[in-house]
Amino acid sequence: MRIENDIKLGFKDVMFRPKRSTLKSRSQVSLDREFTFLHSQKTWTGVPIMAANMDTVGTFPLALALAKQNLFTAIHKHYSFQDWDQFLSEAPEHIENHIAVSTGTGSKDIAKLKQIFDKHPKLQFICIDVANGYSEHFVKFVKKTRAQFPDKVIIAGNVVTGEMVEELILSGADIVKVGIGPGSVCTTRVKTGVGYPQLSAIIECADAAHGLGGQIISDGGCAVPGDVSKAFGAGADFVMLGGMLAGHEESGGELIEVDGKQYKQFYGMSSETAMEKYVGGVAEYRASEGKTVQVPFKGPVDDTLHDILGGIRSTCTYVGAQRLKELTKRTTFIRVAEQENQVYTK
(Lines give C-alpha, C1' and ligand atoms only; values in the text may rest on other atoms or scores of the structure.)
Protein backbone atom coordinates (compact mmCIF):
# COMPACT_ATOMS: atom_id res chain seq x y z
CA MET A 1 0.00 0.00 0.00
CA ARG A 2 1.14 3.53 -0.77
CA ILE A 3 -0.36 7.01 -0.47
CA GLU A 4 0.12 9.86 -2.93
CA ASN A 5 0.09 13.12 -1.01
CA ASP A 6 0.11 15.65 -3.86
CA ILE A 7 -3.17 17.52 -4.31
CA LYS A 8 -5.66 16.36 -6.95
CA LEU A 9 -8.34 18.79 -8.12
CA GLY A 10 -11.86 18.71 -9.56
CA PHE A 11 -13.74 21.42 -11.45
CA LYS A 12 -15.17 22.93 -8.26
CA ASP A 13 -11.69 23.48 -6.82
CA VAL A 14 -10.54 26.11 -9.33
CA MET A 15 -11.48 29.18 -11.34
CA PHE A 16 -9.78 30.95 -14.24
CA ARG A 17 -7.59 33.94 -13.47
CA PRO A 18 -8.64 36.72 -15.90
CA LYS A 19 -5.97 38.28 -18.13
CA ARG A 20 -5.67 41.30 -20.40
CA SER A 21 -7.31 40.76 -23.76
CA THR A 22 -7.43 42.51 -27.14
CA LEU A 23 -10.79 40.87 -27.95
CA LYS A 24 -13.67 43.31 -28.26
CA SER A 25 -16.50 40.78 -28.42
CA ARG A 26 -17.35 37.12 -27.83
CA SER A 27 -18.20 36.97 -31.53
CA GLN A 28 -14.47 37.16 -32.33
CA VAL A 29 -13.83 33.80 -30.64
CA SER A 30 -13.60 30.70 -32.84
CA LEU A 31 -14.51 27.37 -31.19
CA ASP A 32 -13.57 25.22 -34.19
CA ARG A 33 -10.59 22.88 -33.86
CA GLU A 34 -8.78 20.83 -36.48
CA PHE A 35 -7.13 17.54 -35.54
CA THR A 36 -5.17 15.03 -37.60
CA PHE A 37 -5.30 11.74 -35.74
CA LEU A 38 -2.17 9.71 -35.04
CA HIS A 39 -2.96 6.25 -36.42
CA SER A 40 -5.76 6.81 -38.91
CA GLN A 41 -4.23 10.05 -40.25
CA LYS A 42 -7.78 11.32 -40.74
CA THR A 43 -8.37 15.06 -40.31
CA TRP A 44 -11.44 16.36 -38.49
CA THR A 45 -12.71 19.92 -38.10
CA GLY A 46 -15.51 21.00 -35.78
CA VAL A 47 -16.47 22.16 -32.30
CA PRO A 48 -14.93 19.46 -30.06
CA ILE A 49 -17.90 18.86 -27.76
CA MET A 50 -19.40 15.37 -27.73
CA ALA A 51 -22.67 13.85 -26.57
CA ALA A 52 -21.88 10.81 -24.40
CA ASN A 53 -22.53 7.29 -25.64
CA MET A 54 -25.38 6.73 -23.16
CA ASP A 55 -28.73 5.55 -24.50
CA THR A 56 -30.44 8.62 -23.02
CA VAL A 57 -27.95 11.00 -24.66
CA GLY A 58 -26.09 9.40 -27.58
CA THR A 59 -29.18 9.14 -29.78
CA PHE A 60 -29.68 9.59 -33.50
CA PRO A 61 -32.02 12.59 -33.05
CA LEU A 62 -29.52 14.36 -30.76
CA ALA A 63 -26.71 13.61 -33.22
CA LEU A 64 -28.65 15.37 -35.99
CA ALA A 65 -29.24 18.42 -33.77
CA LEU A 66 -25.60 18.63 -32.65
CA ALA A 67 -24.22 18.12 -36.16
CA LYS A 68 -26.10 21.20 -37.34
CA GLN A 69 -23.85 23.21 -35.02
CA ASN A 70 -20.73 21.21 -35.94
CA LEU A 71 -20.65 19.21 -32.69
CA PHE A 72 -20.12 15.46 -32.27
CA THR A 73 -22.08 12.50 -30.86
CA ALA A 74 -20.83 9.11 -29.71
CA ILE A 75 -23.89 7.03 -30.61
CA HIS A 76 -24.78 4.48 -27.93
CA LYS A 77 -23.99 0.83 -28.65
CA HIS A 78 -27.52 -0.56 -28.28
CA TYR A 79 -28.78 0.47 -31.70
CA SER A 80 -29.01 -2.54 -34.02
CA PHE A 81 -27.47 -2.83 -37.46
CA GLN A 82 -30.94 -2.28 -38.90
CA ASP A 83 -31.32 0.91 -36.83
CA TRP A 84 -28.00 2.19 -38.20
CA ASP A 85 -28.94 1.26 -41.73
CA GLN A 86 -32.21 3.15 -41.57
CA PHE A 87 -30.69 6.21 -39.89
CA LEU A 88 -27.85 6.55 -42.38
CA SER A 89 -30.17 6.09 -45.35
CA GLU A 90 -32.18 9.13 -44.20
CA ALA A 91 -29.54 11.35 -42.55
CA PRO A 92 -27.59 14.09 -44.39
CA GLU A 93 -24.25 12.89 -45.76
CA HIS A 94 -22.13 15.15 -43.55
CA ILE A 95 -23.41 13.32 -40.43
CA GLU A 96 -20.68 10.72 -40.96
CA ASN A 97 -18.06 13.23 -39.77
CA HIS A 98 -19.98 13.95 -36.56
CA ILE A 99 -20.76 10.50 -35.12
CA ALA A 100 -18.92 7.52 -33.69
CA VAL A 101 -20.12 3.93 -33.63
CA SER A 102 -19.83 2.73 -30.03
CA THR A 103 -18.98 -0.82 -29.11
CA GLY A 104 -18.23 -3.11 -26.20
CA THR A 105 -15.43 -5.69 -26.29
CA GLY A 106 -17.23 -8.98 -26.94
CA SER A 107 -17.06 -11.21 -30.03
CA LYS A 108 -20.55 -10.11 -31.07
CA ASP A 109 -19.45 -6.49 -30.79
CA ILE A 110 -16.63 -6.80 -33.31
CA ALA A 111 -18.93 -8.68 -35.69
CA LYS A 112 -21.54 -5.90 -35.47
CA LEU A 113 -18.87 -3.25 -36.06
CA LYS A 114 -17.72 -5.05 -39.19
CA GLN A 115 -21.28 -5.34 -40.46
CA ILE A 116 -21.92 -1.61 -39.97
CA PHE A 117 -18.63 -0.46 -41.54
CA ASP A 118 -18.85 -2.90 -44.45
CA LYS A 119 -22.24 -1.43 -45.37
CA HIS A 120 -21.31 2.18 -44.55
CA PRO A 121 -17.56 2.61 -45.21
CA LYS A 122 -17.76 6.41 -45.05
CA LEU A 123 -18.23 6.21 -41.28
CA GLN A 124 -14.95 7.31 -39.68
CA PHE A 125 -15.12 6.89 -35.88
CA ILE A 126 -15.22 3.92 -33.51
CA CYS A 127 -15.75 4.40 -29.75
CA ILE A 128 -14.60 1.40 -27.70
CA ASP A 129 -16.18 1.99 -24.32
CA VAL A 130 -15.78 0.10 -21.04
CA ALA A 131 -16.07 1.27 -17.46
CA ASN A 132 -12.58 0.00 -16.58
CA GLY A 133 -9.98 0.62 -19.27
CA TYR A 134 -7.18 -0.93 -17.22
CA SER A 135 -7.84 -4.57 -18.14
CA GLU A 136 -5.50 -6.55 -20.36
CA HIS A 137 -8.55 -7.78 -22.30
CA PHE A 138 -9.45 -4.18 -23.19
CA VAL A 139 -5.96 -3.36 -24.45
CA LYS A 140 -5.98 -6.50 -26.61
CA PHE A 141 -9.36 -5.52 -28.04
CA VAL A 142 -8.04 -2.07 -28.97
CA LYS A 143 -5.10 -3.70 -30.79
CA LYS A 144 -7.46 -6.11 -32.58
CA THR A 145 -9.77 -3.28 -33.63
CA ARG A 146 -6.86 -1.22 -34.95
CA ALA A 147 -5.64 -4.19 -37.00
CA GLN A 148 -9.12 -4.76 -38.45
CA PHE A 149 -9.89 -1.06 -39.07
CA PRO A 150 -6.52 0.58 -39.83
CA ASP A 151 -8.00 3.70 -41.42
CA LYS A 152 -10.66 4.48 -38.79
CA VAL A 153 -10.37 6.91 -35.88
CA ILE A 154 -10.46 4.86 -32.66
CA ILE A 155 -11.65 6.33 -29.36
CA ALA A 156 -10.90 4.14 -26.33
CA GLY A 157 -11.57 4.43 -22.60
CA ASN A 158 -12.09 5.04 -19.82
CA VAL A 159 -8.88 5.65 -17.88
CA VAL A 160 -7.54 8.43 -15.64
CA THR A 161 -3.75 8.07 -15.51
CA GLY A 162 -1.00 9.03 -17.91
CA GLU A 163 0.67 5.64 -18.16
CA MET A 164 -2.58 3.99 -19.27
CA VAL A 165 -3.24 6.73 -21.80
CA GLU A 166 0.17 5.97 -23.29
CA GLU A 167 -0.58 2.24 -23.30
CA LEU A 168 -3.83 2.73 -25.22
CA ILE A 169 -2.32 5.14 -27.75
CA LEU A 170 0.59 2.77 -28.39
CA SER A 171 -1.98 -0.03 -28.81
CA GLY A 172 -3.81 1.82 -31.57
CA ALA A 173 -6.14 4.39 -30.01
CA ASP A 174 -6.19 7.83 -31.62
CA ILE A 175 -8.18 9.42 -28.79
CA VAL A 176 -8.42 8.27 -25.15
CA LYS A 177 -11.50 8.87 -23.05
CA VAL A 178 -10.62 10.13 -19.56
CA GLY A 179 -12.87 9.89 -16.50
CA ILE A 180 -13.75 7.34 -13.82
CA GLY A 181 -16.62 8.24 -11.54
CA PRO A 182 -17.26 11.97 -12.15
CA GLY A 183 -20.56 11.59 -14.03
CA SER A 184 -23.80 12.90 -12.53
CA VAL A 185 -25.47 9.46 -12.60
CA CYS A 186 -22.32 7.42 -11.89
CA THR A 187 -21.89 5.80 -8.46
CA THR A 188 -18.56 4.06 -9.10
CA ARG A 189 -16.76 6.21 -6.54
CA VAL A 190 -19.16 5.37 -3.72
CA LYS A 191 -19.61 1.71 -4.68
CA THR A 192 -15.93 0.94 -5.26
CA GLY A 193 -13.89 3.77 -3.74
CA VAL A 194 -12.11 4.10 -7.11
CA GLY A 195 -11.76 7.36 -9.01
CA TYR A 196 -9.65 10.42 -9.77
CA PRO A 197 -10.58 14.11 -9.54
CA GLN A 198 -11.39 15.10 -13.11
CA LEU A 199 -9.37 18.29 -13.54
CA SER A 200 -6.15 16.62 -12.41
CA ALA A 201 -6.93 13.57 -14.54
CA ILE A 202 -7.27 15.80 -17.62
CA ILE A 203 -4.00 17.64 -16.91
CA GLU A 204 -2.02 14.43 -16.43
CA CYS A 205 -3.63 12.48 -19.26
CA ALA A 206 -3.45 15.34 -21.78
CA ASP A 207 0.27 15.68 -21.11
CA ALA A 208 0.78 11.95 -21.73
CA ALA A 209 -1.36 11.86 -24.88
CA HIS A 210 0.07 14.98 -26.48
CA GLY A 211 3.60 13.71 -25.95
CA LEU A 212 2.78 10.79 -28.26
CA GLY A 213 0.69 12.75 -30.74
CA GLY A 214 -2.69 11.55 -29.47
CA GLN A 215 -5.73 13.33 -28.07
CA ILE A 216 -8.00 12.94 -25.04
CA ILE A 217 -11.67 13.40 -24.25
CA SER A 218 -12.72 14.67 -20.84
CA ASP A 219 -15.67 12.42 -20.04
CA GLY A 220 -17.88 13.37 -17.09
CA GLY A 221 -18.09 15.91 -14.31
CA CYS A 222 -19.32 18.96 -16.23
CA ALA A 223 -22.39 20.43 -14.55
CA VAL A 224 -22.31 24.00 -15.93
CA PRO A 225 -20.76 25.69 -19.00
CA GLY A 226 -17.82 26.94 -16.90
CA ASP A 227 -16.82 23.32 -16.25
CA VAL A 228 -16.61 22.68 -19.99
CA SER A 229 -14.27 25.67 -20.29
CA LYS A 230 -12.17 24.37 -17.40
CA ALA A 231 -11.81 20.99 -19.10
CA PHE A 232 -10.53 22.68 -22.25
CA GLY A 233 -8.29 24.96 -20.20
CA ALA A 234 -6.77 21.92 -18.47
CA GLY A 235 -5.79 20.45 -21.84
CA ALA A 236 -8.72 18.34 -23.02
CA ASP A 237 -9.03 18.14 -26.79
CA PHE A 238 -12.69 17.10 -26.63
CA VAL A 239 -15.26 17.36 -23.84
CA MET A 240 -17.99 14.73 -23.54
CA LEU A 241 -21.31 15.64 -21.92
CA GLY A 242 -24.03 13.44 -20.45
CA GLY A 243 -26.23 15.11 -17.86
CA MET A 244 -25.99 18.55 -19.47
CA LEU A 245 -27.55 17.12 -22.65
CA ALA A 246 -30.11 14.89 -20.92
CA GLY A 247 -33.79 15.77 -20.66
CA HIS A 248 -34.18 17.32 -24.10
CA GLU A 249 -36.62 16.63 -26.89
CA GLU A 250 -33.88 14.87 -28.88
CA SER A 251 -32.55 12.91 -25.88
CA GLY A 252 -33.50 9.35 -25.08
CA GLY A 253 -35.40 8.33 -21.96
CA GLU A 254 -39.07 8.07 -21.25
CA LEU A 255 -41.05 11.34 -21.02
CA ILE A 256 -43.19 11.28 -17.88
CA GLU A 257 -45.47 13.72 -16.09
CA VAL A 258 -45.46 14.25 -12.32
CA ASP A 259 -47.81 16.79 -10.67
CA GLY A 260 -48.32 18.54 -13.98
CA LYS A 261 -44.58 18.86 -14.73
CA GLN A 262 -42.74 16.94 -17.44
CA TYR A 263 -39.55 14.96 -16.85
CA LYS A 264 -37.29 12.64 -18.80
CA GLN A 265 -35.60 9.61 -17.33
CA PHE A 266 -31.79 9.69 -17.21
CA TYR A 267 -29.61 6.87 -15.93
CA GLY A 268 -26.05 5.60 -15.91
CA MET A 269 -25.18 2.75 -18.24
CA SER A 270 -24.08 0.63 -15.26
CA SER A 271 -27.31 1.35 -13.40
CA GLU A 272 -29.91 -1.25 -12.52
CA THR A 273 -32.26 0.41 -15.02
CA ALA A 274 -29.80 -0.04 -17.91
CA MET A 275 -28.88 -3.59 -16.95
CA GLU A 276 -32.53 -4.61 -16.63
CA LYS A 277 -33.15 -3.15 -20.07
CA TYR A 278 -30.23 -4.76 -21.89
CA VAL A 279 -29.00 -7.84 -20.00
CA GLY A 280 -31.99 -8.88 -17.94
CA GLY A 281 -30.81 -7.46 -14.61
CA VAL A 282 -27.79 -7.01 -12.36
CA ALA A 283 -25.59 -10.11 -12.33
CA GLU A 284 -25.07 -11.85 -8.98
CA TYR A 285 -21.33 -11.18 -9.02
CA ARG A 286 -21.57 -7.38 -9.39
CA ALA A 287 -23.30 -4.28 -8.07
CA SER A 288 -25.07 -1.49 -9.90
CA GLU A 289 -22.73 1.50 -10.35
CA GLY A 290 -25.22 4.04 -11.63
CA LYS A 291 -28.36 5.86 -10.55
CA THR A 292 -31.65 6.66 -12.26
CA VAL A 293 -33.04 10.19 -12.02
CA GLN A 294 -35.84 12.30 -13.47
CA VAL A 295 -34.55 15.37 -15.33
CA PRO A 296 -36.96 18.27 -15.86
CA PHE A 297 -37.91 18.35 -19.55
CA LYS A 298 -35.92 21.09 -21.27
CA GLY A 299 -37.44 21.13 -24.76
CA PRO A 300 -35.20 21.34 -27.86
CA VAL A 301 -31.45 21.15 -27.23
CA ASP A 302 -30.61 24.32 -29.19
CA ASP A 303 -31.04 26.68 -26.21
CA THR A 304 -28.77 24.53 -24.05
CA LEU A 305 -26.10 24.43 -26.78
CA HIS A 306 -26.33 28.22 -27.13
CA ASP A 307 -25.74 28.54 -23.38
CA ILE A 308 -22.75 26.17 -23.38
CA LEU A 309 -21.06 27.62 -26.45
CA GLY A 310 -21.71 31.19 -25.30
CA GLY A 311 -20.15 30.41 -21.93
CA ILE A 312 -16.99 29.03 -23.54
CA ARG A 313 -16.67 32.05 -25.82
CA SER A 314 -17.02 34.30 -22.79
CA THR A 315 -14.29 32.36 -20.95
CA CYS A 316 -12.00 32.92 -23.94
CA THR A 317 -12.61 36.67 -23.86
CA TYR A 318 -11.77 36.83 -20.14
CA VAL A 319 -8.36 35.22 -20.70
CA GLY A 320 -7.59 36.60 -24.16
CA ALA A 321 -7.91 33.46 -26.27
CA GLN A 322 -9.20 34.23 -29.77
CA ARG A 323 -9.33 30.53 -30.66
CA LEU A 324 -10.31 27.57 -28.51
CA LYS A 325 -6.91 26.05 -29.29
CA GLU A 326 -5.28 28.94 -27.42
CA LEU A 327 -7.35 28.55 -24.24
CA THR A 328 -5.04 26.11 -22.46
CA LYS A 329 -2.03 28.35 -23.22
CA ARG A 330 -3.87 31.33 -21.72
CA THR A 331 -5.11 29.41 -18.66
CA THR A 332 -3.98 30.05 -15.11
CA PHE A 333 -6.15 28.29 -12.55
CA ILE A 334 -6.52 29.64 -9.03
CA ARG A 335 -7.61 27.34 -6.22
CA VAL A 336 -10.79 28.44 -4.50
CA ALA A 337 -13.03 27.47 -1.58
CA GLU A 338 -16.25 28.66 -3.22
CA GLN A 339 -17.56 29.06 -6.76
CA GLU A 340 -20.67 31.24 -6.50
CA ASN A 341 -22.87 33.21 -4.16
CA GLN A 342 -25.79 30.91 -3.41
CA VAL A 343 -28.02 33.26 -1.43
CA TYR A 344 -30.66 32.98 -4.13
CA THR A 345 -30.88 29.37 -5.26
CA LYS A 346 -33.90 27.45 -6.47
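Predicted model: local features only at pLDDT ≥ 70, side-chain atom pairs only at ≥ 80, totals over all residues.
Me: How many helices and strands does the chain have?
Reply: The chain has ten helices and 15 strands. Helices are DSSP runs of H or I with at least four residues, strands are runs of E with at least two, and both are numbered from the N terminus.

Me: What makes the chain as compact as a globular protein of its length?
Reply: The globule rule is 2.2 Å times the number of residues to the power 0.38, and the radius of gyration is taken over C-alpha atoms. For 346 residues the rule gives 20 Å. The chain has 19 Å, which is close, so it is as compact as a globular protein of that length. Along its principal axes the C-alpha trace spans about 55 × 55 × 50 Å.

Me: How much of the chain is buried, and what does buried mean?
Reply: Buried means under 20% relative accessible area, exposed means over 50%, and partly exposed lies in between (1.4 Å probe, protein chains only). Buried residues make up 51% of the 346.

Me: Why is Q41 called exposed?
Reply: Its relative accessible area is 54%, so Q41 is exposed. Q41 sits in the loop between strand 2 (33-36) and strand 3 (43-46). Its phi is near 60°, a positive value in a residue other than glycine.

Me: Why does D259 count as exposed?
Reply: D259 has 76% relative accessibility, so it counts as exposed. D259 lies in the loop between strand 12 (255-258) and strand 13 (261-267). Phi of D259 is also positive, near 50°, in a residue other than glycine.

Me: Why is C186 called partly exposed?
Reply: The value for C186 is 25%, so the residue is partly exposed. C186 is in the loop between strand 9 (175-178) and helix 6 (188-192).

Me: What does C186 touch, leaving out residues up to four places away in sequence?
Reply: C186 touches G181, E289 and G290. Contact means heavy atoms within 4.5 Å. The C-alpha atoms of C186 and T292 are separated by 9.4 Å, though these residues are 106 apart along the chain.

Me: What makes helix 8 largely enclosed by the rest of the structure?
Reply: Nine of the ten residues of helix 8 (residues 225-234) are buried, so the helix is largely enclosed. Among the buried ones are D227, V228, K230 and F232. D227 has a relative accessible area of 5%, so D227 is buried. Leaving aside residues up to four places away in sequence, D227 touches F11, G221 and C222. Just after helix 8, G235 takes a positive phi of about 120°.

Me: What makes a set of residues a nonpolar core, and how many residues has the largest one?
Reply: A nonpolar core is a set of buried Ala, Val, Leu, Ile, Met, Phe, Trp, Tyr and Cys residues joined through side-chain atoms within 4.5 Å. The largest has 103 residues. Those with the most contacts inside it are I49, W84, V228 and L245. Helix 7 (residues 198-212) supplies the largest share of this core, seven residues.

Me: Which residues is W84 in contact with, leaving aside neighbours within four places in sequence?
Reply: W84 is in contact with residues including F60, Y79, I99, I116 and L123.

Me: Which peptide bond is cis, and where does N158 lie?
Reply: The bond from G157 to N158 is cis, with omega near 20°. N158 is in strand 8 (residues 153-159).

Key. Residues numbered from 1 in each chain as written. Heavy atoms only, no water.
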